Amino acid sequence: MNKTLTLLDDDQVISFIVQGYLLLEPEYAPGLNEMVCQQLDETGGAPVNLRDDPHGQALLNQTPALNDIFGHPEVEGAAISLMGEGYEVYERYNHMIKPGGGGMGWHQDDVNIRHHQTRRLMFLYYPQDVTPDMGPTFIVPGTHFRNMPTDRMQTYGNFRHQVPLTVKAGTVAVVHMDLWHSASHNSSDKIRYMIKYYLDRKSEPAGPNWNHDPAKAHGHARNRFHQEHVCGSGADFYKERHLRWEMWQHLLGNASESNRVRNENEPAEAYRAKAFQGYVGEPRSILFLIKGVLHVPHHCPSVGTRPGFTRSPRLLCRA
Amino acid sequence: MNTTRETVEQWIEQARAKASNGGVTAEDLDELRRAVQLSTAGLRQRLLYLHADTPNIKSALVSFYLHEPVAGDSTQLSVTPDWPYNTVHDAMIDGWRVIHFPQQMAPFDDREIAVLGYEFILEKWEEFCE
């Protein structure tokens with residue numbers, strides 16, 4: 001039987017781009033969260049075993065109720081909205097923090113080859129109410145645009161704009177792969193469970209996969225990208241607005257120009273006019289557009305690949 | 001146990017009294033030296049990492065991390081963190097000394113953003129009794 005998925009709308013996608021995360025609170029069948037907890041309690045949750053079980057299949061086998069969580073129309077709808085049809089669950093982890101465990105350690109997952117497209121997402125599912133003393137996950141909204149080796153984050157403590165995911169049972173946090181996040185100390189007497197799925201996009205966006213209203217979305221996106229200051233200084237904010245626009249264009253399937261680097265011989269104004277086509281966030285941008293038509297941009301040479309994808313030319317050509 | 005400052009002030013008061021009665025002696029000075037050595041032996045370095053919005057010491061802070069020189073010191077993330085200061089300047093007024101300033105010649109990219117804030121490291125030497 002085909003189920004009707006609940007896709008994201010434009011405003012949710014724009015929020016995801018600005019903040020780097022979304023919170024879903026699906027209405028599951030009664031008792032489903034409790035069933036997940038019971039299955040995790042009984043099995044202890046499958047430990048991470050990247051050698052023999054790189055995709056975390058054992059966790060799913062031991063906790064079959066997770067199928068109903070991640071198959072919920074709202075959860076699956078969010079996945080398709082941001083990752084397209086045919087996305088793949090790449091890995092599954094059980095991140096539980098026992099009483100007295102856990103602690104601060106800001107990081108970005110995986111290696112430091114960053115791109116500002118939605119190529120991989122983290123879905124964080126919390127089967128229990130997470131109270132402040134249970135070791136909530138902390139995130140820093142807006143940091144998914146910041147490419148920062150994890151080692152260098154270790155002099156950060158509490159952030160002004162950090163958000164603790166003190167959420168109600170059943171919440172799924174849809175998180176950009178590059179968002180800065182950290183575990184925290186569990187000072188309660190309960191185990192805190194969190195199930196993390198990595199989802200991989202399998203094809204480049206050909207168009208919006210969410211409930212998109214082209215007549216309204218363009219101006220709405222432009223206004224929010226231009227006005228919403230999440231973190232960082234004013235100088236960074238100018239760049240951040242353009243990076244948001246790039247991600248938006250990529251999701252809309254318009255990545256050909258927004259996803260490339262400026263050739264060293266290409267005038268900056270011409271590059272900006274192409275790369276940020278349609279983004280008129282400030283008067284200067286209009287000037288770039290006018291100046292840009294006088295120059296013919298050059299394209300970046302082809303680059304190496306990550307499995308299934310072309311790496312961001314912008315990053316690789318930076319040197 | 002008295003702090004170094006208290007010890008020295010106490011000694012000065014005693015010396016002031018002695019000044020009108022023959023003055024301080026070599027033994028008094030030796031006593032002062034011993035007292036100072038004893039009290040400074042307990043001094044330890046506190047470190048405060050502050051990340052500010054800009055390299056200006058009066059700009060708003062984005063992150064703080066205090067390291068106390070005691071065994072088992074551990075800073076935790078908090079849902080309601082207690083911010084000690086709003087700026088580096090505020091911390092300086094409270095007696096913290098800046099020992100590291102952010103590097104102005106850091107690599108610059110006109111499109112990418114990376115590090116969040118500008119890192120200042122401050123120290124304060126204080127006596128700790130464990």
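An open sheet of 5 strands runs in the order β5(A)-β2(B)-β1(B)-β4(B)-β3(B), with antiparallel pairing. Its edge strands, each pairing on one side only, are β5 (158-159) of chain A and β3 (97-100) of chain B. Strands here are DSSP runs of E with at least two residues, helices are runs of H or I with at least four residues, and both are numbered from the N terminus. Two strands count as paired if DSSP finds at least two bridges between them. The model is predicted, so local features need pLDDT of at least 70 and side-chain atom pairs count only at pLDDT 80 or more, while totals for chains, interfaces and linings use all residues. Residues are numbered from 1 along each chain as its sequence is written, chains are lettered from A and ligands numbered from 1 in the order in which they are written, and side-chain values use heavy atoms, with hydrogens and water left out.

Where do the two chains meet in this sheet? β5(A) is joined by 2 bridges to strand β2 (residues 61-67) of chain B, and the two run antiparallel. In this pair, A:Asn158 has B:Phe64 as its bridge partner in β2(B). In general, strands of a sheet pair through backbone hydrogen bonds, either parallel or antiparallel.

Chain A also has an open sheet of 3 strands, in the order β6-β4-β8, again with antiparallel pairing. Strand β4 (residues 138-139) and β6(A) pair over 2 bridges, and A:Phe138 stands opposite A:Pro164 in β6(A).

Just after α2(A), A:Gly44 takes a positive phi of about 80°.

Back in chain B, B:Arg46 lies in strand β1 (residues 43-52). B:Arg46 counts as buried because its relative accessibility is 14%. Its side chain makes a polar contact of 3.0 Å with that of B:Glu126. A polar contact is a pair of N or O atoms within 3.5 Å; within protein, one must be able to donate a hydrogen and the other to accept it, and residues adjacent in sequence count only if both atoms are side-chain atoms.

Definitions and conventions: Buried means under 20% relative accessible area, exposed over 50%, partly exposed in between (1.4 Å probe, protein chains only).
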